[in-house]
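Please look over this protein chain with its side-chain pairings in mind. The report below takes up charges, rings and the nonpolar core.

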Amino acid sequence: MSAKPISKIEPRKSNAAKSSPFVTDIATIRSRARKHIEDGAITGSYTADREAVVKLLNEALATEIVCVLRYKRHYFMASGLMADAVKSEFLEHANEEQAHADRIAERIVQLGGEPDLNPDVLSKRSHAEYVEGSDLRDMVKEDLVAERIAIDSYREIINYIGDKDTTTKRMMEDILAQEEEHADELADMLDGWTGK
């Protein structure tokens, strides 16, 4: 019995080899990169309203700075039976809010704006209020209220930006996640409160 000759199987030709996976060809991207180099990271493909985004980020920056100041006051003013445990939480939150403020200020500069740190207008632009609180429990409550305000306003900023500025959106999503964590920790404190 004679063996049939094995036919050679030709590999399929992929369409990927014919066209680039990029929507825009590399030559065009390279050409655009050379134009307006003074704009730094902001290229022609940036579609958000930069002025509006910078304004929103300056409001978020003011919110973070006011939260830092409130948490710091609460850290120094905390007294009473539960003060040591709560003080360490206030200080941790203050440091994390400062890190948020730093990230936001850096992004404002990347967008060609200027971080507005004018103390005369910080509290006016802040979404959260600076409420001192009368005792330790009240301080925790006021910090929780401020975190809840930040959560809602940052979610609105994220929704407004959408996919027009993915870098700012991701940054604000990271900050929002930490604000939610802060709110959860503060809510747990209030829930387990045994006295003033």
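## Salt bridges and their exposure

Arg155 is partly exposed, at a relative accessible area of 34%. Here buried means under 20% relative accessible area, exposed means over 50%, and partly exposed lies in between (1.4 Å probe, protein chains only). The model is predicted: local features need pLDDT of at least 70, side-chain atom pairs count only at pLDDT 80 or more, and totals for chains, interfaces and linings use all residues. Residues are numbered from 1 along each chain as its sequence is written, and side-chain values use heavy atoms, with hydrogens and water left out.

Arg155 pairs with Asp152 in a salt bridge, with the closest N and O atoms 4.0 Å apart. A salt bridge is a side-chain nitrogen of Lys or Arg within 4 Å of a carboxyl oxygen of Asp or Glu. Both residues lie in helix H5, 3 residues apart, about one turn of the helix. Asp152 is partly exposed, at 48% relative accessibility. A network of salt bridges links Asp152, Arg155 and Glu180.

By this rule the structure has 9 salt bridges. Side chains of opposite charge can pair when their charged atoms come close. Three of the bridges are listed here.

| Asp174 | Arg103 | 3.4 Å |

Asp174 is partly exposed at 45%. Arg103 is partly exposed at 33%.

## A buried glutamate without a bridge

Glu142 sits in helix H5 (residues 136-161). The residue is buried yet has no salt bridge. Its nearest side chain of opposite charge, Lys141, is 5.8 Å away. For charge, Lys and Arg count as positive and Asp and Glu as negative; His and the chain ends are not counted. Which residues does Glu142 touch, leaving aside its neighbours within four places in sequence? They are Arg70 and Val131. Contact means heavy atoms within 4.5 Å.

## Rings and charges over rings

Arg70 also meets a ring. Its charged end sits over Tyr71, 5.5 Å from the ring centre. Lys164 lies over the face of Tyr160, at 5.0 Å from the ring centre. A charge sits over a ring if NZ of Lys or CZ of Arg is within 6 Å of the ring centre and within 35 degrees of the ring normal.

The structure holds 2 aromatic pairs. Tyr71 and Phe90 form a tilted one, 6.3 Å centre to centre with 45° between the planes. Rings of Phe, Tyr and Trp (its six-membered ring) pair if their centres lie within 6.5 Å; planes under 30 degrees apart count as stacked, over 60 as edge-to-face and the rest as tilted. Tyr71 lies in helix H2 (residues 50-77) and Phe90 in helix H3 (residues 83-110), so this pair ties together parts that are 19 residues apart in sequence. Tyr71 is buried, at 0% relative accessibility. Phe90 is buried as well, at 0%.

Tyr75 and Phe76 have ring centres 4.9 Å apart and planes at 70°, so they form an edge-to-face pair. Tyr75 is partly exposed at 22%. Phe76 is exposed at 58%.

## The core and the overall fold

Phe90 returns in the largest nonpolar core, which has 41 residues. A nonpolar core is a set of buried Ala, Val, Leu, Ile, Met, Phe, Trp, Tyr and Cys residues joined through side-chain atoms within 4.5 Å. Leu57, Phe90, Ile104, Tyr154 and Met172 touch the most other members. H2, H3, H5 and H6 each supply at least two residues of this core. H5 gives the most, with 10 residues.

Beyond its neighbours within four places in sequence, Ile104 is in contact with several residues, including Leu57, Leu61, Met172 and Ile175.

The protein chain has 6 helices and 0 strands. Helices (H or I, at least four residues) and strands (E, at least two) are DSSP runs, numbered from the N terminus. Of the 196 residues in the chain, 37% are buried. Among contacts between residues at least 6 apart in sequence, 81% join residues at least 24 apart.
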